[in-house]
Amino acid sequence: MTGRPARGDTYELRYDILVVTAGAVTRSFPIPGPAQQTIGLKHVEEAVAIRDRLMTAFDQAASPPPGPERRKLLTLAFVGAGFPGVEGFRELLSLATAMLRSCPELTIDDLSFHLVEARGRILPEVSDKPGAWVVRHLERRGAPARLNTRLLSAEDGHVVLSDGGEYDATPIVRAAGNAPNPVVHHHTDLPLDERGLLLVRPEMRVGTESEPVPDVRAAGDDATIPDLASPLPGARTVPNAQHAVRQGRLLATNLVADLRGRRVRNHRHGSLGVVATLGLGRGIFQYKGIVRVLAVWLTAALTGRDLVSLVQHPRDALVTSERTQNPGAARAKEGSTA
Ligand SMILES: Cc1cc2nc3c(=O)[nH]c(=O)nc-3n(C[C@H](O)[C@H](O)[C@H](O)COP(=O)(O)OP(=O)(O)OC[C@H]3O[C@@H](n4cnc5c(N)ncnc54)[C@H](O)[C@@H]3O)c2cc1C
């Protein structure tokens, strides 16, 4: 195996057992602008930076009079209305509404929040009814989801949409799903499915049913694993933390069992349901068709919102994943900006 540290020289590492848990990366968009003008929603640093950006925009927007300059500062766009997109968008709207209380110069009408979704519905992980409820909920809060709408371009922070909409936005948040980790398909010769995910057996060994790869294991978002809890033939587990955490634990247990000549177990996990938070105090929960609207968030109710901004390097993860997914395009861009 070749290791390439952030600082220092590349090195070779010999191994007896390889465990691949590299996760997924933010999906790249083959349209003008995104690599330079957008931010992902995969890493904590990215989420913190988006929150910081809103806080800075509030500070800056308090000075100019109501009008285009102020509106531009308080316009943001989320592209993709799956779980991360909807949760992130609603949380930011909730934060902005809370901050208005300490900014008498600004009103709710100064906010311009856009959630763009290519499909005709949001939250594909839940059934139609709760998805439609969330759409109505956002509409009531003045931040409607634009369904059946695609981002066409984000050059220079200018959003162009397939329904004719255009506006300047900062940030433009990319929440339209993940792609398989390029390190797995570009830099290993392990067996993959057609999407580029590692083929993993239920006992967490890499390989197909008939051909396990000796001494290589994998788990989590970089892997596709038979879903033994599903009644559907051929079903594979979905990439989420419910599976990743359990697969990781089982992988370690099976590894030890294997080394000690004991029996290994298969990964089998029935979903515990899905939860989407919708800002402070609200959310939906669905388990086997049962839907609940939650209103709990005790800690924040007691202590109030944390309105302190933080400092970090938010775009590193996205730039690295762009570079590995589209090496040619990234090199050309770097060359043109050098
Ligand atoms: C915004 C958001 C909200 C989510 N909310 C939920 C939720 O509510 N419930 C839920 O079940 N799931 C949720 N998920 C999904 C969940 O986070 C993932 O399914 C889970 O983290 C996958 O775990 P993993 O270990 O496979 O990958 P990751 O958690 O992505 O970990 C992979 C690690 O490998 C590192 N890595 C990558 N490439 C290399 C390399 N070449 N060399 C060394 N290290 C590398 C990465 O930096 C990362 O630290 C959410 C995801 C996102 C983005």
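Which residues are exposed on the other side of α7?

What we have here is a predicted model, in which local features need pLDDT of at least 70, side-chain atom pairs count only at pLDDT 80 or more, and totals for chains, interfaces and linings use all residues. Residues are numbered from 1 along each chain as its sequence is written, and side-chain values use heavy atoms, with hydrogens and water left out.

Let's start with the helix in my question. Helix α7 covers residues 241-259, 19 residues in total, and spans 27 Å from first C-alpha to last, close to the 27 Å expected at 1.5 Å a residue. That expected span is 1.5 Å times one less than the number of residues.

Its buried residues are Gln242, His243, Gln247, Leu250, Leu251, Asn254, Leu255 and Ala257. They sit on the same side of α7 because they cover an arc of only 160° around the axis; the arc is that of the directions from the helix axis to the C-beta atoms. As a reminder, an α-helix has 3.6 residues a turn, so residues three or four places apart point the same way. And now my opening question: on the other side of α7, the exposed residues are Ala241, Arg249 and Leu259. By buried I mean under 20% relative accessible area, by exposed over 50%, and by partly exposed anything in between, with a 1.4 Å probe and protein chains only.

What do the buried residues of α7 pack against? The partners are β3 (18-20) and β16 (212-218), where contact means heavy atoms within 4.5 Å. Now look at the two ends. At the N-terminal end, Asn240 caps α7, with a side-chain oxygen 3.1 Å from the backbone nitrogen of Gln242. Just after α7, Gly261 takes a positive phi of about 70°.

With a relative accessibility of 2%, Gln247 counts as buried. A polar atom of its side chain lies 2.8 Å from the backbone nitrogen of Gly220, and the Gln247 side chain also makes a polar contact with the side chain of Thr237, at 3.5 Å. A polar contact is a pair of N or O atoms within 3.5 Å; within protein, one must be able to donate a hydrogen and the other to accept it, and residues adjacent in sequence count only if both atoms are side-chain atoms. Not counting residues up to four places away in sequence, Gln247 touches Met204, Ala219, Gly220, Ile225, Thr237 and His267.

On a 1 Å grid over the protein atoms alone, a cavity is a set of points where a 1.4 Å probe fits but cannot get out, a pocket is an open set with protein on both sides within 12 Å along at least five of seven lines, and lining residues have an atom within 4 Å of a point. Grid points are joined across faces, edges and corners, and a volume is the space filled by probe spheres set on the points.

The second largest pocket has a volume of about 1000 Å³. It is lined by 30 residues, and the closest to its centre are Arg4, Asn181, Val183, His187 and Thr324. Which element gives the largest share of that lining? That would be α9, with six residues.

There is one cavity of 30 Å³ or more. Its lining consists of Arg53, Leu54, Ala57, Leu73, Leu74, Thr75, Leu76, Thr170 and Pro171, and α2 supplies the largest share, three residues.

The peptide bond from Thr170 to Pro171 is cis, with omega near -5°, and Pro171 lies in the loop between β11 (166-168) and β12 (172-174). Most residues other than glycine have a negative phi, and most peptide bonds are trans. Leu123 has a positive phi near 50°; this residue is in the loop between β7 (112-116) and α5 (128-140) and counts as buried at 0% relative accessibility. Asp215, in strand β16, has a positive phi too, near 60°, but Asp215 is partly exposed, with a relative accessible area of 36%.

Technical notes: Helices (H or I, at least four residues) and strands (E, at least two) are DSSP runs, numbered from the N terminus.
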